[in-house]
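Trainee: Hi, could you walk me through this structure? I'm new to it and would like to go step by step.

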Amino acid sequence: MCEYTFENGEKCRIKAISGSKYCSLHIPFEEGELLYGEKIKEIKERAFKRKLERGVRHFEGIQLYEARISNLTSKKPLVFKNSKIKTLIVESSHLKGITLYKCEIERVIILSSTIGTLWIKGSTFFGFNLLDVKFGNSIYIRESIVRYIMMNSVQHVEGMKPHEEEYGEKEAVYGRIELSELKKVRRIGINSRYPLLKDVLEEHGINFSGISRKHVKAKIFIIKNIEFDPSPRFKRQVRVFIRNLDSILQLENLEIPRHVEIRGGRLRIPEFIHTTVQNNLVFRNVTFHGDITWNLTVLPNLPAELTVKGFVILEKCRFNNPTMEEFFYRLARISWEKSGDKEKADMYYYLEMLARRKQKMGRYITYLPKLGIGVKLPSLPFRKVQVKAKHYIHLLEGVFEWFFADLTCKYGTDWKRPILIWIFMVNIIFPSLFYFTKSVTSFGVPLESFWDYEYFSIVTATTLGYGDLHPIGIGRIFASLEALFGMFMWAVFLTVFARKYMR
């Protein structure tokens with residue numbers, strides 16, 4: 001009989017193989033290779049397959065070169081405990097759950113399968129890969145040593161019956177992916193391109209091209225208490241890469257060496273709790289979604305919770321509310337200002353001010369009157385008229401802010417725009433108005449040449465006023481407006497130019 005002793009004190013009842021005191025599944029790799037050479041791989045593989053065919057789902061202390069589980073449907077969870085496995089492959093299977101406890105596995109590949117709960121604790125892996133996997137309850141990877149974690153096309157399936165207890169872990173949230181208390185992590189990749197994985201799959205006879213590329217969907221995705229590998233050889237790498245994630249995102253108690261990049265997808269109420277990014281935090285084509293409660297509770301504390309020592313970069317991002325938009329653009333602006341790159345800082349400052357204006361206008365936009373054939377003023381009690389008037393005043397403030405601050409100079413960040421506007425208005429628009437209305441005269445005789453009108457427009461805009469030409473009729477209104485416009489635009493240009501180049 002096999003002399004392997006389980007944790008509960010019982011011994012394995014399988015007959016030991018010839019020349020050893022252990023059965024084919026429990027015999028150590030070194031001893032098996034000394035006795036049987038390369039043949040030990042086939043012996044272990046056949047023994048494992050026989051166990052699966054007999055309905056065994058609990059394996060403790062086994063040592064396998066390759067544990068391959070294909071096209072298996074089981075209403076019992078598949079459990080590996082205190083085991084050593086070179087490669088564990090689960091493909092095209094429907095399982096109630098998978099548990100890996102205190103195992104040493106070089107590579108785990110779970111693909112094109114449906115599982116209830118994936119629970120991993122106290123184990124050691126080199127690579128952990130989930131490809132095209134649907135899960136009903138939760139995925140937990142805790143208190144383990146993992147080099148690489150790759151999840152592609154992992155989706156939570158609604159409608160599977162939740163249990164009150166998942167392997168002793170009571171959780172109220174289903175559709176949860178949690179990576180916590182991990183050590184020596186080199187990279188966490190969500191929907192990441194992993195060139196070596198294709199070679200690994202082809203080595204095991206798996207067609208990589210048939211794997212779908214979907215968004216990773218979960219109710220909540222948590223990464224917390226991760227200890228990353230500080231080796232200098234990874235100093236240029238992106239340590240956390242997330243692509244096309246549709247979930248609540250929570251990063252907690254992390255110090256991430258190098259970069260974090262989040263690309264595409266929909267992040268709902270993201271939280272960064274005691275998180276430090278040593279280099280850059282990059283968001284590309286991300287849709288942020290927050291609610292009023294999140295804006296009031298989490299957002300104000302985020303600057304104290306999130307530290308980015310490099311740059312915050314936002315490219316082509318979308319926000320469902322301007323409060324969140326203003327905050328993230330402010331984070332980006334501050335990070336670029338610290339580096340001394342004023343051009344980038346100005347770009348994010350402009351976006352921040354746009355978000356602030358949206359926020360201001362959004363409060364009162366519902367009070368605009370409905371426009372039909374005519375405008376009907378509502379009949380309101382006198383005490384409500386004052387409140388309505390304040391709302392319309394705030395709307396007018398937003399309109400004036402857009403016209404005088406945004407349209408003219410992009411909130412002081414663009415010195416070229418006031419010059420172009422000035423040239424266009426003074427050399428084309430105002431001369432045309434004077435020309436078509438014939439509202440400029442010289443000693444009582446209207447001018448005929450367009451260039452004379454343009455000369456008068458320039459003289460008026462610069463407020464020189466030589467007196468050789470003067471407006472009449474409606475031209476006086478145009479001339480007054482042009483004089484005010486010219487003075488205002490030169491003031492804007494000087495202010496913006498001084499801000500841009502003198503600071």
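**A walk through the model**

Mentor: Let's start inside: isoleucine 188 is buried, with a relative accessible area of 0%. Buried means under 20% relative accessible area, exposed means over 50%, and partly exposed lies in between, using a 1.4 Å probe and protein chains only.

Trainee: Before we go on, what kind of model is this?

Mentor: This is a predicted model, where local features need pLDDT of at least 70, side-chain atom pairs count only at pLDDT 80 or more, and totals for chains, interfaces and linings use all residues. Residues are numbered from 1 along each chain as its sequence is written, and side-chain values use heavy atoms, with hydrogens and water left out.

Trainee: Thanks. Where is isoleucine 188 placed, and what does isoleucine 188 touch?

Mentor: Isoleucine 188 sits in strand β13, residues 187–190. Helices (H or I, at least four residues) and strands (E, at least two) are DSSP runs, numbered from the N terminus. Leaving out residues up to four places away in sequence, isoleucine 188 touches Ile149, Leu179, Ile223, Phe228, Arg239, Val240 and Phe241; a contact means heavy atoms within 4.5 Å. Also, its C-alpha atom is separated by 8.0 Å from that of isoleucine 242, 54 residues apart along the chain.

Trainee: How many helices and strands does the protein chain have?

Mentor: The protein chain has eleven helices and 24 strands. Of its 503 residues, 48% count as buried. Among contacts with a separation of 6 or more, 48% are between residues 24 or more positions apart.

Trainee: Let's pick a helix. What span should α6 have?

Mentor: Helix α6 covers residues 322–339, and its 18 residues should span 26 Å at 1.5 Å a residue; the end C-alpha atoms are 26 Å apart, so the two agree. The expected span is 1.5 Å times one less than the number of residues. Buried residues in α6 include Met324, Phe327, Phe328, Tyr329, Leu331 and Trp336.

Trainee: And which residue follows α6?

Mentor: Glycine 340, whose phi is positive, near 90 degrees.

Trainee: Switching topic: which salt bridges should I look at?

Mentor: A search of the whole structure finds 21 salt bridges. A salt bridge is a side-chain nitrogen of Lys or Arg within 4 Å of a carboxyl oxygen of Asp or Glu.

Trainee: Which pair links distant parts of the chain?

Mentor: Look at arginine 142 and glutamate 178, whose side chains meet in a salt bridge at 3.0 Å, N to O. Arginine 142 is in strand β9 (residues 138–142) and glutamate 178 in strand β12 (residues 176–185), 36 residues apart. Arginine 142 is buried, at 11% relative accessible area, and glutamate 178 is buried too, at 2%.

Trainee: What about aspartate 229: what is its salt bridge partner?

Mentor: Arginine 186, with the closest N and O atoms 3.4 Å apart. Aspartate 229 lies in the loop between β14 (216–228) and β15 (238–256), while arginine 186 lies in the loop between β12 and β13, so the pair ties together parts that are 43 residues apart in sequence. Both aspartate 229 and arginine 186 are buried.

Trainee: Which residues are linked in a network of salt bridges?

Mentor: Glu326, Arg330, Arg333, Glu337, Glu352 and Arg356 are linked that way.

Trainee: Last topic, the sheet of three strands. What is its order?

Mentor: The order in this open sheet is β23-β22-β24, with antiparallel pairing. Its edge strands, β23 (445–446) and β24 (470–471), each pair on one side only. Two strands pair if DSSP finds at least two bridges between them, and two bridges join β22 (residues 440–442) to β23. As for partners, threonine 441 is bridged to proline 446 in β23.
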